[in-house]
Amino acid sequence: MDSDEDERESFEVTDFDLQNEFNPNRYKRKKGSKKHAIYGVFAPESDDESEMRAGFGGGGRNAGPSMEDIGFISAGVSGQKTTDDDAPTDEEIEPEQEKEEEEEEVIVPGRMTRAQKSHAMLMKADRNLGSWQKYTKGYGEKLLMKMGYTHGKGLGKNKQGIVRPVEATKRRPGKGAIGAHGSEHPHLDAPDVVEDSEEEEDLQFKEQLSQWKKQPTDQGRRKKVTYKYRSAEEVKKSGISRKKKNREGDSAISKVKVIDMTQPEQRIMGSYGEMVVDRPREPVDDGDTRAFDMPELTHNLQLLVEMSEQQIVQHDRQLHFEEDLVVNLQHEKTKLEGVLKEEELRISRMKKVLEMIGSCEEKFSATSSDPHVLDECEIVIRKLHTEFPEEYRAFEVSQLVVVILFPLVKRNMASWSPFAESEKHIDLFKKWKSILDNEDNRVTIPDGPTINMYERMLWELWMPVIRRAIVQWQPRKSDKVQEFLENWIPLVPYWMKEHIYDALIMPRLIKEVEDWNPLTDVVPIHSWIHPWLPLLGDRLQPVYGPIKQKFGNALTGWHPSDSSAKTILTPWKAVWSQGTMDAFILRHIVPKLVICLEEFTINPYQQHLQPFQWVLAWDDFLPSPVMVTLFEKNFFPKWIQVLCSWIGNNPNFEEVSNWFTGWKTLFPARLMTEPAIKNYFNDALTVMNRALGGVTSTKENLVFLNNLSRQREKGPADKWEDQLAITAQAEVPSSFREFVDRKAQEHGILFVPTKRRQEGKLVFTFGACQIYIEKGVVFMQEGAEWKPVSLNVALERAQGLG
């Protein structure tokens with residue numbers, strides 16, 4: 001009975017009809033074909049299926065027999081073919097087939113078998129079919145289109161084939177039998193298969209009837225609608241997390257260069273966002289289309305929900321912003337309150353400062369006769385500096401000193417004579433130095449340097465008085481000026497002290513030296529120049545040149561018998577350098593001494609020693625080599641000759657011995673240690689011994705002394721090879737300096753080093769000149785310049801010939 005019910009088609013109103021009454025895409029009931037009427041259950045499922053199978057079998061002329069060729073055969077002779085008069089002809093079948101093709105096959109989901117369900121799914125068009133072709137060039141679809149395929153229709157000549165392609169599925173582990181786990185088709189589930197249970201159908205009908213607003217899914221299974229509620233706090237958290245993600249994405253992803261190769265043509269984009277925006281959205285077929293779906297309404301509701309969430313997030317952010325703003329304003333308020341308190345304190349301090357300044361202007365006027373006004377002014381300025389240091393620096397309160405203090409000090413110093421009253425006002429300036437000589441009182445003079453207020457006080461009040469006093473000062477009376485400077489120099493800054501020395505004192509001294517005449521002035525120059533040495537020191541070097549020149553001019557007609565020259569030069573011996581003094585003596589004194597010795601007469605019977613003593617008086621001025629050379633060339637030759645002549649006249653040898661001893665005692669001990677002086681006295685003893693031996697001839701003694709002198713110059717008579725080597729070594733100097741030294745000895749010129757240096761080279765005294773040697777060249781001083789000269793010219797100038 002059940003099988004009969006399955007084989008017939010019911011025309012009653014079902015639940016499916018009620019649910020899909022207003023569904024424009026509902027299934028249409030298919031009209032039964034003529035073959036169903038003839039063959040019944042043995043009829044094919046559809047004409048399209050038979051054609052499809054015939055097409056798959058190869059089709060054409062060689063196709064196998066179809067259902068159309070099957071007919072009833074009588075029970076007569078086997079194999080005899082009889083025509084069925086009731087069977088429709090081809091002309092009758094074709095119009096019916098065309099009419100049936102126009103109508104769609106209606107299959108009720110609630111009454112479908114598994115095979116029907118599978119066939120229906122294969123005959124249903126797939127919207128996503130061929131969606132993968134956007135990644136390819138679409139050759140497969142082009143080939144199908146050439147063969148007559150239409151998108152969304154079935155395969156075959158008459159479009160009777162399957163529409164959806166066969167899909168491969170992965171089998172589940174376990175049993176391997178086909179159908180063990182349900183349908184092999186991925187879109188079919190077991191609940192869709194028709195069950196022969198009326199109770200189950202009635203229960204399903206009641207559930208669907210009671211929930212008629214809900215549309216069942218394709219599998220006939222109800223989905224339970226779950227509502228997810230989100231609180232305002234969750235919406236806020238999601239907004240914060242989204243904001244953080246956007247910030248992170250903006251910083252990193254927005255700078256990434258993207259190459260999109262998902263399209264037929266390669267594209268270069270600035271960020272991932274552009275690729276997402278430009279990519280077309282694909283239609284989504286979730287297979288869950290309901291009868292009363294209203295996507296526009298759903299979309300609008302979703303927009304309202306999102307707008308509400310955005311408003312909640314914005315209000316939350318605004319709330320946080322306002323809270324942060326309140327905190328910042330509170331901090332700013334606290335800060336401003338502190339600033340306000342500080343400003344109020346500063347205002348109160350400034351009021352006090354202004355009150356003190358106002359009282360100063362009233363009390364400390366320039367016309368005030370109060371003798372203690374300066375002391376009170378000192379108290380006020382010191383109080384302002386110690387109790388209000390910030391205001392003192394910021395508003396330059398030190399300028400108050402210029403307005404109040406300067407007129408008072410200037411009034412007290414108007415009648416001051418600084419050189420006569422050198423210690424007056426020292427205490428006043430010492431007090432103000434302790435107050436004003438610091439960085440807080442530093443000011444900038446217009447078009448001038450930056451100085452403190454104490455230095456400005458000295459410059460504007462003290463210096464004008466000193467200038468007037470120095471202008472009236474007589475340089476030859478410098479005791480009071482020196483005393484004044486010694487008292488005030490510790491209170492004067494360095495730059496002001498230099499200004500006093502260089503701009504006030506030195507011009508007056510130079511002018512006075514120029515007017516000085518050593519021949520007519522009774523007061524020696526050293527008496528008013530040397531007291532300035534402790535204060536001026538090397539600054540007096542420009543004065544020494546004119547003084548030496550005037551001394552030299554004064555010594556032009558000088559004679560060694562005049563001891564005033566030595567008296568004048570003695571104080572300068574400790575002032576001038578040794579080289580300067582030696583050069584001056586060699587140029588102006590030694591020539592006079594040479595003349596004195598040349599004119600000196602040696603007479604054993606009546607000897608006058610004054611010229612000899614005049615020469616020895618300059619022993620402490622002349623270096624030992626100069627004195628030795630002076631006596632060796634101008635005294636001892638005459639002295640030896642007189643001795644030889646005296647011995648040749650048969651003298652009293654006791655008198656000769658006394659005479660020899662007397663001359664030996666006249667020479668200072670410093671000169672007696674010199675080898676040349678010793679040799680001359682030894683030669684005199686040798687002559688005296690020869691005379692005791694009987695050799696009294698003057699000529700013989702002189703010849704003997706000449707040979708002895710030559711032998712002494714040549715040295716001891718050793719081997720001729722050694723003597724030759726010594727001679728060669730002596731004749732060839734090892735350096736240019738040694739060569740100059742040898743030439744100086746040959747010409748009797750003093751050649752000694754000094755303590756001075758020029759261009760890093762040692763300066764020598766070369767007779768009356770100053771020279772230094774550099775790379776085999778002699779540089780001689782001519783005035784303030786050093787010029788290169790030849791050695792012959794230097795020798796001539798050293799001897800006073802040039």
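Where does His425 lie?

Reply: Happy to take you through it. This is a predicted model, in which local features need pLDDT of at least 70, side-chain atom pairs count only at pLDDT 80 or more, and totals for chains, interfaces and linings use all residues. Residues are numbered from 1 along each chain as its sequence is written, and side-chain values use heavy atoms, with hydrogens and water left out.

His425 lies in the loop between α14 and α15. Helices here are DSSP runs of H or I with at least four residues, strands are runs of E with at least two, and both are numbered from the N terminus. The backbone of His425 deserves a look: its phi is near 70°, a positive value in a residue other than glycine. At 14% relative accessibility, His425 counts as buried (buried means under 20% relative accessible area, exposed over 50%, partly exposed in between, with a 1.4 Å probe and protein chains only).

Another residue of interest in that loop is Phe419, which forms an aromatic pair with Phe484. The rings are edge-to-face, 5.5 Å centre to centre with 75° between the planes. As for the terms, rings of Phe, Tyr and Trp (its six-membered ring) pair if their centres lie within 6.5 Å; planes under 30 degrees apart count as stacked, over 60 as edge-to-face and the rest as tilted. Phe419 lies in the loop between α14 (399–412) and α15 (426–436), while Phe484 is in helix α17 (residues 479–488), so the pair ties together parts that are 65 residues apart in sequence. Both Phe419 and Phe484 are buried. Across the whole structure, a search finds 44 aromatic pairs.

Now follow the chain into α15. The axes of α15 and helix α16 (residues 453–471) come within 8 Å and cross at roughly 145°; axes are lines fitted to C-alpha atoms, for helices over the stretch in contact, and angles run from 0 to 180 degrees between N-to-C directions. From α15, Phe429, Trp432, Lys433 and Leu436 meet Met453, Tyr454, Met457, Leu458 and Trp462 of α16, where contact means heavy atoms within 4.5 Å. The residues of this contact divide into eight nonpolar, no polar and one charged (Ala, Val, Leu, Ile, Met, Phe, Trp, Tyr, Cys and Pro count as nonpolar, Asp, Glu, Lys and Arg as charged, and the others, Gly among them, as polar).

Val402 is partly exposed, with a relative accessible area of 21%. Leaving aside neighbours within four places in sequence, Val402 is in contact with Pro407, Met453 and Arg456. Val402 and Met457 are 55 residues apart in sequence, yet their C-alpha atoms are 8.1 Å apart in space. Met453 and Met457 are also among the α16 residues that meet α15.

There is a charge over a ring to inspect as well: the charged end of Arg467 sits over the ring of Trp459, 4.9 Å from its centre. The criterion is that NZ of Lys or CZ of Arg is within 6 Å of the ring centre and within 35 degrees of the ring normal. Elsewhere, Lys548 lies over the face of Trp576, at 5.9 Å from the ring centre.

Trp576 leads on to Ile547, which it touches along with Val513, Trp516, Ile525 and Trp572, not counting residues up to four places away in sequence. Ile547 is placed in helix α21 (residues 541–554) and, at 0% relative accessibility, counts as buried. The C-alpha atoms of Ile547 and Asn517, 30 residues apart along the chain, are separated by 9.5 Å.

Lys775 is placed in the loop between β7 (769–774) and β8 (777–782). At 81% relative accessibility, Lys775 counts as exposed, whereas His425 counts as buried.

To set all this in the whole chain: there are 34 helices and nine strands, and buried residues make up 29% of the 802 residues. Of the contacts in the chain with a separation of 6 or more, residues 24 or more positions apart account for 63%.
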